[in-house]
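Could you walk me through this fold, strand by strand and helix by helix? Let's take it one element at a time, with the cut-offs spelled out as they come up.

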Amino acid sequence: MRLKLTIVAAAAVALSSGLAFAQEVVTIAHVGPTSGAIAHLGKDNENGAKMAVEELNAQGVVIAGKKVTIKLMTEDDAADPKQGTAVAQKLADAKVSGVIGHLNSGTTIPASKIYSDAGIPQVSPSATNPKYTRQGFKTAFRLVADDTQLGGTLGRYAVKELKGKAFAVIDDRTAYGQGVAQEFKKAVEAAGGTVVAKEFTTDKASDFNSILTTIKGKKADVVFFGGMDAVAGPMLRQMKSLGINAKFMGGDGICSTELVKLAGDAVTDNQVYCAEAGGVEGKQKAGMEAFRAKFKAKFGTEVQVYAPYVYDGVKLMVAAMEKAGSSDPAKYLPTLAATKDYHGVTGDITFDNKGDILNGALTLKTIRGGKLVELAVIR
């Protein structure tokens, strides 16, 4: 009888161990603005993370010989720096294995200090302010080109290709808006253009008549806005009502399908020019198109901008854990930093010694026929 009990007890222990084995969980967090004026961009990114996690769990993830389940923890920073740091501290306290986010430079940069102090790897799919990866934090990584390339390319394009002469530059006083506007201004002036007006607004403003009236008086033929689509849409409508026929330019913050809806009939063909801080060429286009089709089938909506970069960020992070044989941030961080030619839907990913993507691309776009149209991919 005692022997039977021993056998039963041993079986119970083995079964218990098996269940523990099967249920081992690795938590990765995604942070973005899923409330507020640019919630459509935050949800877009979050959906990219959800899709990646579902696929990973369906395929099976094995770390150090053990099958694990990837759990996605989602947080809303509302594009607000204070809320962003509060969320970052929450994730640090929760000891998540890694973070994909944030979306905005204004939340990504202050949050990065908290992740660095906690030793948690952070991969931003969209923050473009150069400061993010220039603080010396070993935990900070970026999947897209930064404002130096983004604003600089747009500035040169505005002078050389659009033949702009008189430029008005507006920013929304955020880390992103100011950064990209500053780089645009520098590139315009270096290329021989003249900045006739430098104005600013906020990321929550809706009335731009005062600054637009000033710009109209300066006879600007190109207006650049450093900010997001939620502000750019109403701005374009007010430009039309004031009879301002200038070209309108902006960075990745306005390069979304939502801008077309927000601006409506205020936009004429080839009036708006923007750049997505990323892009694929040649054979890689097929992978991106397949992702977009899969995304639309799953969520019933088109990709806004950066969902593919979030998707790659999640899978890249998990691949580093598998290669390192650990989900412990201290152990897989060096492997993540050494990423070379990871094949993602957004292209081949290699990080430089700052954590920036090597040879990052930009995709120049315009609006024609009520749709965003690709003009060129530039590196």
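Strand β11 is largely enclosed by the rest of the structure, because five of its five residues are buried. Here, buried means under 20% relative accessible area, with exposed over 50% and partly exposed in between (1.4 Å probe, protein chains only). Strands such as this one are DSSP runs of E with at least two residues, while helices are runs of H or I with at least four, and both are numbered from the N terminus. This is a predicted model, in which local features need pLDDT of at least 70 and side-chain atom pairs count only at pLDDT 80 or more, whereas totals for chains, interfaces and linings use all residues. Residues are numbered from 1 along each chain as its sequence is written, and side-chain values use heavy atoms, leaving out hydrogens and water.

Which residues of β11 cover its two faces? Val-272, Cys-274 and Glu-276 lie on one side, Tyr-273 and Ala-275 on the other, and all are buried. On one flank, β11 pairs with β10 in the parallel sense over three bridges, and the chain gets from β10 to β11 through α9 in a right-handed β-α-β crossover. Right-handed means that, with the strands pointing away from the viewer, the path from the first strand over the helix to the second runs clockwise. Strand β14 (residues 362-368) runs antiparallel to β11 (residues 272-276), joined by four bridges. There, Cys-274 has Lys-365 as its bridge partner, and Glu-276 has Thr-363.

Stepping back, these strands belong to an open, mixed sheet of seven in the order β8-β7-β9-β10-β11-β14-β15; two strands count as paired if DSSP finds at least two bridges between them. At the edges stand β8 (194-200) and β15 (371-378), each with a single partner strand, so one side of each has no neighbour in the sheet. From one strand to the next, the twist averages 25°.

Now for the helix on this sheet. Helix α5 lies across β7, β9, β10, β11, β14 and β15, at about 50° to β14. Such angles run from 0 to 180 degrees between N-to-C directions, using axes fitted to C-alpha atoms, for helices over the stretch in contact; contact means heavy atoms within 4.5 Å. Ten of the 14 residues of α5 are buried, including Leu-150, Gly-151 and Gly-152. Its N-terminal end is capped by Asp-146, with a side-chain oxygen 3.0 Å from the backbone nitrogen of Thr-148.

Is Glu-258 buried or exposed? At 18% relative accessibility, Glu-258 counts as buried. Beyond its neighbours within four places in sequence, Glu-258 is in contact with His-40, Asp-229 and Gln-304.

A further open sheet has six strands in the order β2-β3-β1-β4-β5-β6, again with mixed pairing. Its edges are β2 (61-63) and β6 (140-142), each with a single partner strand, so one side of each lacks a neighbour in the sheet. Within it, β1 (residues 25-32) and β3 (residues 66-76) pair in the parallel sense over eight bridges, with Val-31 opposite Glu-75. Helix α3 (residues 81-94) packs on this sheet, touching β1, β3 and β4, and its direction makes about 155° with that of β3. Helix α11 (residues 307-324) lies across β1, β2, β3, β4 and β5, running at about 160° to β4.

Key. Polar contact = N/O pair within 3.5 Å; in protein donor to acceptor, adjacent residues only side chain to side chain.
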